[in-house]
Amino acid sequence: MKFRKNALACASVLALGAGVAQADPVTVGLITTLSGGGAGLGVDVRDAFELALQMAGSDAIHLVVEDDGQRPENAVQIADRMIQSEGAQILTGIIWSNLAMAVVPAVTAQDVIYVSPNAGPSALAGAGCTPNYFNAAYQNDTMHEAAGQYANTLGYQNAFIMAPNYPAGVDALTGFKRYFQGTLAGEVYTQLGQTDFAAEIAQIRASGADSIFIFEPGGMGISFMRQYAQSGVDLPIISAAFTFSQDVLPAVGDAALGVINTAEWSPDMDNEANVAFVAAFQEAYGRLPSVYAAQSFDTANLILSALAAADISDLEAFRTAMRAADFDSVRGSFRFGNNQHPIQNYYAREVVSVDGVLTNRIVGTAFEDHQDVYAADCAME
């Protein structure tokens with residue numbers, strides 16, 4: 001399904017760039033997953049992006065939204081159509097790293113800007129970095145690096161680790177292992193979209209592990225946690241935010257309580273931008289925002305800040321304005337590294353119940369001002 005909106009640019013955020021006016025609204029194409037098992041993630045990306053635009057004050061953006069169905073071939077076709085038929089000058093929205101790898105290189109080669117609100121594959125962060133690609137979320141390894149680091153703090157020494165077999169899953173286990181100082185009781189790659197984890201839970205039971213690290217986003221995580229809760233295995237779980245993000249917690253239920261997961265954002269962060277965002281998201285949609293929503297909200301405001309400072313027809317000036325990241329992030333501190341991926345803090349969060357609603361609360365800090373390792377291989381300065 002396709003959605004079209006004439007969206008508003010955020011005057012309050014963009015006051016310092018008020019003297020720059022685009023000749024016409026800039027078309028931004030948002031390609032995300034709105035159907036199938038990953039639909040909840042895409043819905044949060046879409047809703048938060050639209051919310052940022054609705055909390056706005058001018059007509060600088062024309063937004064076009066389409067569903068990729070979590071299929072790379074769909075995403076490629078949609079991107080081509082948005083550029084050729086819709087005249088999109090900026091694309092965003094993709095959740096999954098395999099879709100990003102199918103879309104981003106071709107898009108950026110056409111001098112179209114791509115801004116990622118989620119997927120951050122390592123191949124685009126190092127030697128494959130490009131001036132037309134910005135990641136406003138994270139590099140795939142980094143949340144998992146934070147989990148590995150915090151697992152040391154928790155005293156875990158023999159972890160069983162598991163992720164789906166696609167680029168983000170490989171990056172996840174690579175990141176965890178990079179900082180975890182213990183040994184591995186097992187390392188398993190599951191199928192993307194898998195829903196039956198009986199075999200993996202049996203492996204965990206027999207492994208002798210003292211802890212489990214999992215990366216199973218969306219419906220995969222819901223299925224795993226439901227089956228794990230019924231299995232009788234009682235090892236502590238540590239994860240990155242994706243498996244225990246706000247969009248999946250209601251479906252996982254009380255089995256998630258007490259789980260530690262790492263992220264660069266949490267709904268309880270006490271800064272002005274985040275307090276306003278969480279309240280507005282709850283009022284607009286009747287639910288708490290997820291980490292996907294927070295990243296998408298920042299993505300929208302990042303783009304708006306650049307449009308306020310430079311005309312997109314001057315691509316180099318626009319890229320410079322994007323690199324400045326002159327907006328109020330819901331994360332608080334936010335800046336780009338040389339590879340145009342964030343340098344930011346990463347926190348340990350615990351799943352808790354607040355007034356009967358499952359959510360996350362910060363319980364520690366894993367990293368401060370953390371940059372991904374691939375930036376060293378990026379030729380941009």
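**Entry 1: helices H1 and H10**

I began with helix H1 (residues 39-54) and helix H10 (residues 291-309), whose axes come within 7 Å and cross at roughly 40 degrees. The model I am reading is a predicted one. I recorded the crossing of H1 past H10 as right-handed.

I then listed the residues that meet. From H1, I noted Leu41, Asp44, Val45, Ala48, Phe49, Leu51, Ala52 and Leu53. Their counterparts in H10 are Tyr292, Ala293, Ser296, Phe297, Thr299, Ala300, Asn301, Ile303 and Leu304. Sorted by class, the contact of H1 with H10 comprises 13 nonpolar, 3 polar and 1 charged residues.

**Entry 2: helices H4 and H5**

I turned next to helix H4 (residues 140-153) and helix H5 (residues 167-179). Their axes lie 7 Å apart, at an angle of about 35 degrees. Here too I looked up the handedness: H4 passes H5 in a right-handed crossing.

On the H4 side, I found Asn140, Asp141, His144, Glu145, Ala147, Gly148, Gln149, Ala151 and Asn152 in the contact. On the H5 side, I found Pro167, Ala168, Asp171, Ala172, Thr174, Gly175, Phe176, Arg178 and Tyr179. I counted the classes for the contact of H4 with H5 as 7 nonpolar, 7 polar and 4 charged residues.

**Entry 3: the two domains**

I looked up how the chain is divided. Domain 1 covers 2-139 + 269-343, and domain 2 covers 141-265 + 346-374. Taken over C-alpha atoms, the centres of domain 1 and domain 2 are separated by 26 Å. For the contact between them, I noted 37 residues of domain 1 and 29 residues of domain 2.

**Entry 4: the cavity**

I noted about 110 Å³ of space in the largest cavity.

Which residues lie nearest the centre of the largest cavity? I wrote down Asn118, Tyr138, Tyr166, Ala168 and Phe215, from a lining of 16 residues. Ala168 was already in my list for the contact of H5 with H4. By class, the lining of the largest cavity has 11 nonpolar and 5 polar residues, and no charged residues.

Technical notes
Residues numbered from 1 in each chain as written. Predicted model: local features only at pLDDT ≥ 70, side-chain atom pairs only at ≥ 80, totals over all residues. Heavy atoms only, no water. Axes fitted to C-alpha atoms, helices over the stretch in contact; angles between N-to-C directions. Helix = DSSP H or I, 4+ residues; strand = E, 2+ residues; numbered from the N terminus. Left-handed = near helix turned anticlockwise from the far one by under 90°. Contact = heavy atoms within 4.5 Å. Nonpolar A, V, L, I, M, F, W, Y, C, P; charged D, E, K, R; others polar. 1 Å grid on protein atoms, 1.4 Å probe; cavity = no way out; pocket = protein on both sides within 12 Å on 5 of 7 lines; lining within 4 Å. Points joined across faces, edges and corners; volume = space filled by probe spheres on them. Domains from an automatic or database assignment.
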